[in-house]
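Biologist: I would like to learn how to read a model of this kind, feature by feature. Could you take me through one?

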Amino acid sequence: MSRARTNPLNSVAAHAALITYTLIALFPVWVIVTNSFKSRRAIFSEPLALPDADSFSLIGYQTVMRQGDFVLYFQNSMIVTVVSLALILIFGAMAAFALAEYRFRGNTLWGLYLALGIMIPIRIGTVAILQGMVATGLVNTLAALILVYTAQGLPLAVFILSEFMRQVSDDLKDAGRIDGLSEYRIFFRLVLPLVRPAMATVAVFNMIPIWNDLWFPLILAPAEQVKTLTLGSQVFIGQFVTDWNAVLSALSLAVLPVLVLYIVFSRQLIRGITSGAVK
């Protein structure tokens, strides 16, 4: 076993597999970004080539800025994503702390009930969600999307964070109680700083589905003033003619926040994943 673990061939094979997977995952992004700087003819004639002096064009970005209120769409997506992530993290962390720290009747059942939210897609309840939003007057508001995305992300957040919070030393929390700290201060000052890698993992796992979602914005908030970036990009896709330059440019701009978030939280994300694997 020790020889197998230290065999350099195993390390080379693992790195080769990871590099291959990375290239496969990044290939569509590379194609979208490079073609966003090409003319329409170059996109279809040489889709895999880099833009040169003859094919280079910014017509797609100019169209995005000129047609469709891209700044408004971007702002709506940022508001929905940031607020939803904040609610998921704070409420998910509080629920996870309660399940991990306190023993009460139904503790296990509540954990199983929340776990069902991971296995059952929220889109199954689209009709009921739409009826509820109509009844409460929240259709065509950003609040409707925020509430849905928060409910969608809480089960996974509670599941991940509760496992990490069970690893926090009881002696540390008891020492805080002896010093007179309330449960809220123990939660915010002692526990949360120790589970930052898990919080970053939850944030990244939830941000990408929220940012890229088209289903709920199309159903719950299709009005022009509350369109998200993904839904707003659809204005360039017509029934008979599609402005591919504008579509690719809009998608390239939409990728930027995801890349920035990963770069910022990459270390915490990797620590959270590896810590979870060890546990």
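Predicted model: local features only at pLDDT ≥ 70, side-chain atom pairs only at ≥ 80, totals over all residues.

Biologist: How many helices and strands does the protein chain have?

Modeller: Helices (H or I, at least four residues) and strands (E, at least two) are DSSP runs, numbered from the N terminus. By that rule the protein chain has 14 helices and 0 strands, and its C-alpha atoms fill a box of roughly 70 × 65 × 35 Å along the principal axes.

Biologist: Where does UniProt place the feature "transmembrane region"?

Modeller: UniProt positions are given in the numbering used here, feature names are shortened, and annotations may be inferred rather than shown by experiment. The unreviewed UniProt entry places the feature at residues 12-33, 78-100, 112-130, 142-165, 186-208 and 246-265. In the model, residues 12-33 are 100% helix and 0% strand, with the end C-alpha atoms 31 Å apart; residues 78-100 are likewise 100% helix and 0% strand, with 32 Å between the end C-alpha atoms.

Biologist: At what angle do α8 and helix α11 pack?

Modeller: Axes are lines fitted to C-alpha atoms, for helices over the stretch in contact, and angles run from 0 to 180 degrees between N-to-C directions. Angles under 35 degrees count as roughly parallel, over 145 as roughly antiparallel, 65 to 115 as roughly perpendicular and the rest as oblique. Here α8 and α11 (residues 196-212) pack at about 155 degrees with their axes 10 Å apart, and they are therefore roughly antiparallel.

Biologist: Which residues in α8 and α11 meet?

Modeller: Contact means heavy atoms within 4.5 Å. On the α8 side the residues include Y149, L156 and F164, and on the α11 side they include M199, F205 and I210. By class, this contact has 12 nonpolar, 3 polar and no charged residues, where Ala, Val, Leu, Ile, Met, Phe, Trp, Tyr, Cys and Pro count as nonpolar, Asp, Glu, Lys and Arg as charged, and the others, Gly among them, as polar.

Biologist: What about the loops: is V226 buried or exposed?

Modeller: V226 lies in the loop between α12 (215-220) and α13 (229-232), and it counts as buried because its relative accessibility is 8%. Leaving aside neighbours within four places in sequence, V226 is in contact with N76, N140, T141, L142 and A221. T228 is found in the loop between α12 and α13 and is buried, with a relative accessible area of 6%. The C-alpha atoms of T228 and Q75 are 7.9 Å apart, although 153 residues separate them in sequence.

Biologist: And what is phi of N140 near?

Modeller: Most residues other than glycine have a negative phi. Phi of N140, however, is near 60 degrees, a positive value in a residue other than glycine. N140 is found in the loop between α7 (126-136) and α8 (142-165), and at 29% relative accessibility N140 counts as partly exposed.

Conventions. Residues numbered from 1 in each chain as written. Heavy atoms only, no water. Buried < 20%, exposed > 50% of the residue type's maximum accessible area, 1.4 Å probe, protein only.
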